[in-house]
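Please keep the sequence and the structure at hand while reading.

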Amino acid sequence: RISQRAEAGVAWQKQEGLREEGSLAKVLMKGNEAIAEAAIRAGVEAYFGYPITPQTELLEYMSRRMPEEGRAFLQAESELAAINMVYGAACTGARVMTSSSSPGISLMQEGISYIVCSRVPAVVVDIVRGGPGLGNIQPSQGDYFQLTKGGGHGDYHPIVLAPASVLEAVDLTVLAFDLAERYRHVVIVVGDGMIGQMMEPCELPEPRPLRTKRPDWAVGGAE
């Protein structure tokens, strides 16, 4: 069962017309793959990332599913490159995301700062492991302060959603895109390594159609 906070998020989506009643199909999935599929069904248009344990399955799943849907997938040369690709795509109004794990999130902090200060929406998934960079690959919750208190150079607090189960991760991933666009802000979905690796029956929402109109603030190039 999802928590009261996740239920509140689902209720808000229904109130705003972002989610329909009775639109869920249940399937057994690993957490990383469930988050990826939830993002696809939420209408993500582009994914940029770099492999790192314990979230690599999310990137692998995206590498297969995004091309199937005719959307953009790119494995960057580093986490720094990935987050700046996210920044560029977000500036054009695209629904975009990346994912990583603790040391990779640390490397992304300057890029996240740029995204927040530019007031463009983006979703970042952090499947937490022990640190520092060569610490270990076991599940951890050590990124709490880095995420909730604002990373980079400060002056902001990201919206942070922390699922307690794979089912909750699906709901909160979809909610993350809605909140990012509502507030033009970075939303971080954070779960420890166990959430990414465990399998649970998940209720997947019906796929949303891709947007055909860009927001007024989006960069459209020279005319």
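Among contacts in the chain between residues at least 6 apart in sequence, 78% join residues that are at least 24 apart. The model is a predicted one, and its chain holds nine helices and eight strands. Of the 223 residues in the chain, 54% are buried.

**The sheet as a whole**

- Six strands make up an open sheet, in which the order is E3-E2-E4-E5-E7-E6 and the pairing is parallel.
- Strand E3 (72–75) and strand E6 (159–161) stand at the edges of this sheet, and each has a single partner strand, so one side of each is left without a neighbour in the sheet.
- From one strand to the next, the twist averages 20 degrees.

- Strand E5, which spans residues 122–128, is mostly covered, with seven of its seven residues buried.
- In a regular strand the side chains alternate between the two faces of the sheet.
- In E5, Ala122, Val124, Asp126 and Val128 point one way, whereas Val123, Val125 and Ile127 point the other way, and all of these residues are buried.
- On one side of E5 in the strand order lies E4; strand E4 (residues 96–100) runs parallel to E5 and is joined to it by four bridges, and the bridge partner of Thr98 in E5 is Val124.
- E5 also pairs in the parallel sense with strand E7 (residues 186–192), in this case over seven bridges, and Asp126 has Val190 in E7 as its bridge partner.

**Helix H2 against helix H3**

- Helix H2 (residues 31–41) packs against helix H3 (residues 56–68) at an angle of about 40 degrees, and their axes are 8 Å apart.
- H2 and H3 are therefore oblique to each other, given that angles count as roughly parallel only under 35 degrees, and their crossing is right-handed.
- From H2, the residues Asn32, Glu33, Ile35, Ala36, Glu37, Ala39 and Ile40 meet Glu57, Leu58, Tyr61, Met62, Arg65 and Met66 of H3.
- The residues of this contact between H2 and H3 divide into eight nonpolar, one polar and four charged.

**Helix H2 against helix H8**

- H2 also packs with helix H8 (residues 166–183), here at an angle of about 30 degrees and with the axes 9 Å apart.
- H2 and H8 are therefore roughly parallel to each other, and the crossing of these two helices is right-handed.
- On the H2 side, Gly31, Ala34, Ile35, Ala38 and Ala39 meet Val166, Ala169, Val170, Thr173, Val174 and Phe177 on the H8 side.
- By class, the contact of H2 with H8 has nine nonpolar residues and two polar residues, with no charged residues.
- Ile35 and Ala39 of H2 are listed both among the residues that meet H3 and among those that meet H8.

How values were computed:
Residues numbered from 1 in each chain as written. Predicted model: local features only at pLDDT ≥ 70, side-chain atom pairs only at ≥ 80, totals over all residues. Heavy atoms only, no water. Buried < 20%, exposed > 50% of the residue type's maximum accessible area, 1.4 Å probe, protein only. Pairing = 2+ DSSP bridges. Axes fitted to C-alpha atoms, helices over the stretch in contact; angles between N-to-C directions. Parallel < 35°, antiparallel > 145°, perpendicular 65-115°, else oblique. Left-handed = near helix turned anticlockwise from the far one by under 90°. Contact = heavy atoms within 4.5 Å. Nonpolar A, V, L, I, M, F, W, Y, C, P; charged D, E, K, R; others polar.
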